[in-house]
2 protein chains.
Amino acid sequence: MPAGFALPHRGWLFDLDGTVYRGEALIPGADDAIAALRAAGRRVAFLSNKPLQTRADYARKLTRLGIETGEDDVINSSLVLARHLARLDGGAPVFVIGEPPLIAELRAHGFEVRGDHRVRWVVIAFDRTFDYAKLNTALQAVRQGARLIATNPDRTCPTEDGEIPDCAGMTAAVEAVTGRTVEVIVGKPSPIILEVALARLGVSARDCVIVGDRLETDIVMGKRLGLATVLVLTGITHAGDARIADTAPDLVVSSIRDLVR
Amino acid sequence: MPAGFALPHRGWLFDLDGTVYRGEALIPGADDAIAALRAAGRRVAFLSNKPLQTRADYARKLTRLGIETGEDDVINSSLVLARHLARLDGGAPVFVIGEPPLIAELRAHGFEVRGDHRVRWVVIAFDRTFDYAKLNTALQAVRQGARLIATNPDRTCPTEDGEIPDCAGMTAAVEAVTGRTVEVIVGKPSPIILEVALARLGVSARDCVIVGDRLETDIVMGKRLGLATVLVLTGITHAGDARIADTAPDLVVSSIRDLVR
């Protein structure tokens, strides 16, 4: 008997950490759920705000955990930033507060990544190598007219050892010393990342589901653009969270596994 | 004939950079003006928001430029922070986002300066060695209950090579990732630094003048506490600045030299 699904939609977007896996461990049944969706002809892609790994890294991790995935099925904030900036100012010289995978993605999209302030854009990301010298280069760039764009708005990133500072720390430092506000943040809950994902799946918003563990990003963004929204309780949000009723996802399931009947 | 002064007050507080010197160059006549005030029995001290040098460093610099000064006549944000925190939580373990002169001042005041997050306070300052590891330690400390205090609110610091990021950058990064607001900023325009200065001079606010080049710190703070205020035009504020009329210093002079007739 073929599997039945909780929702009839053709496109399925899955958040990664807290939804498909937690750290290095697959959420039990995630592999079977994804396999069943694919076998039924549903289109599946994965969404992440993290610019720390390449899409190929995420694809390899998913494959290693039992969900065979190519890098084109992974949409992260690095890719989305590079695509969005390519439309705004293709090939521009940029200074990057970010790690090598983001720099590689920008170079692959034709940007001139520079180490000094003679740029048209300062790209701000989650950067574990952030330091005063980078902050100063960003300031000098802005004083000469450079504009600001960032990958994601997250304050902290959960890791197996606890939360660590995320992109909001770098963004706030640059905004404070320059007196400017970042013009665009492409990651969740921005519609920009969702539009890239829908284009990848080739489905409309109303024919797509987003499945995630964070109310303020995955669910809020999905509702705003008219997707069906599914909250899983395997990540940061717990069943007793009063905000669940306020945010009102279309479906709340204890795990990704419950999407397949 | 003895010198005449623009104002009759007994206490005189001088901002340093932009008022007494600019970078390594004395403002012409500053040495004579200070010498005349001292010769007439006026009490003189110097105020700086910068925690990058020790008070002894500032005293040596002033002496080298022709204004003989002991370190007790210099009040900077490091000293004021150490004194203020000593009253709030004397001897507490602290983590410092700051440079060695601030750390030395805190140790001299009896604080246990630690390199990890097991502290009761995170001290935030202008720190040219700021990096992600420090930001992360601050986050972990706050998550375990540590409180936040900062030296100064300045966005940027003018140098001979242009403006560079100041304490506001470090403060904003910590506030963004922790979700907390710094409880106390001791430097100008806080009344805290002014109270330490008045105590040092042994004069009341109404018997004291503050002389500085910044409307939003020197002049605003002086007016708020009832000091006489003198704006000099040798620093960041120029004669045509529309904010001069709004802030309304008691006296505007082109240079510190004009204080002595």
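Analyst: Before the questions, one definition is needed: axes are lines fitted to C-alpha atoms, for helices over the stretch in contact, and angles run from 0 to 180 degrees between N-to-C directions. The model itself is predicted.

User: At what angle do helix 5 and helix 6 of chain B pack, and are they parallel or oblique to each other?

Analyst: Helix 5 of chain B covers residues 132-143 and helix 6 of chain B covers residues 167-178, and their axes lie 10 Å apart at an angle of about 45 degrees. Angles under 35 degrees count as roughly parallel and those from 65 to 115 as roughly perpendicular. The two helices of chain B are therefore oblique to each other.

User: Which residues make the contact between helix 5 and helix 6 of chain B, and how many of them are nonpolar?

Analyst: Helix 5 of chain B passes helix 6 of chain B in a right-handed crossing. Helix 5 of chain B contributes B:L135, B:A138, B:L139 and B:V142, while B:A173, B:V174, B:V177 and B:T178 come from helix 6 of chain B. Sorted by class, this contact has no charged residues and one polar residue, and the nonpolar ones number seven.

User: Which strands stand at the edges of the open sheet of chain B?

Analyst: Six strands of chain B form this open sheet with parallel pairing, in the order 5-4-1-13-14-15. The strands at the two ends of that order each have a single partner strand, so one side of each is left without a neighbour in the sheet; these are strand 5 (74-76) and strand 15 (251-253) of chain B.

User: In strand 13 of chain B, which residue is the bridge partner of B:G11?

Analyst: Strand 1 of chain B (residues 11-15) runs parallel to strand 13 of chain B (residues 208-212), and four bridges join them. Within strand 13 of chain B, the partner of B:G11 is B:C208.

User: Which element of chain A gives the most to the side that touches chain B?

Analyst: The contact between the chains takes 21 residues from chain A and 21 residues from chain B. On the side of chain A, helix 5 (132-143), strand 11 (162-165) and helix 6 (167-178) each supply at least two residues. By class, that side divides into five charged, five polar and 11 nonpolar residues. With seven residues, the element that gives the most is helix 6 of chain A.

User: How many Å separate the centres of domain 1 and domain 2 of chain A?

Analyst: The domain assignment of chain A gives domain 1 as 11-49 + 188-259 and domain 2 as 78-185. Eight residues from each of these domains take part in their contact. Taken over C-alpha atoms, the separation of the two centres is 26 Å.

Terms used:
Residues are numbered from 1 along each chain as its sequence is written. Chains are lettered from A and ligands numbered from 1 in the order in which they are written. This is a predicted model: local features need pLDDT of at least 70, side-chain atom pairs count only at pLDDT 80 or more; totals for chains, interfaces and linings use all residues. Angles under 35 degrees count as roughly parallel, over 145 as roughly antiparallel, 65 to 115 as roughly perpendicular and the rest as oblique. A crossing is left-handed if the near helix is turned anticlockwise from the far one by less than a right angle, and right-handed if clockwise. Two residues are in contact if their C-beta atoms, placed from the backbone, lie within 7 Å. Ala, Val, Leu, Ile, Met, Phe, Trp, Tyr, Cys and Pro count as nonpolar, Asp, Glu, Lys and Arg as charged, and the others, Gly among them, as polar. Domain bounds come from an automatic or database domain assignment. Two strands pair if DSSP finds at least two bridges between them.
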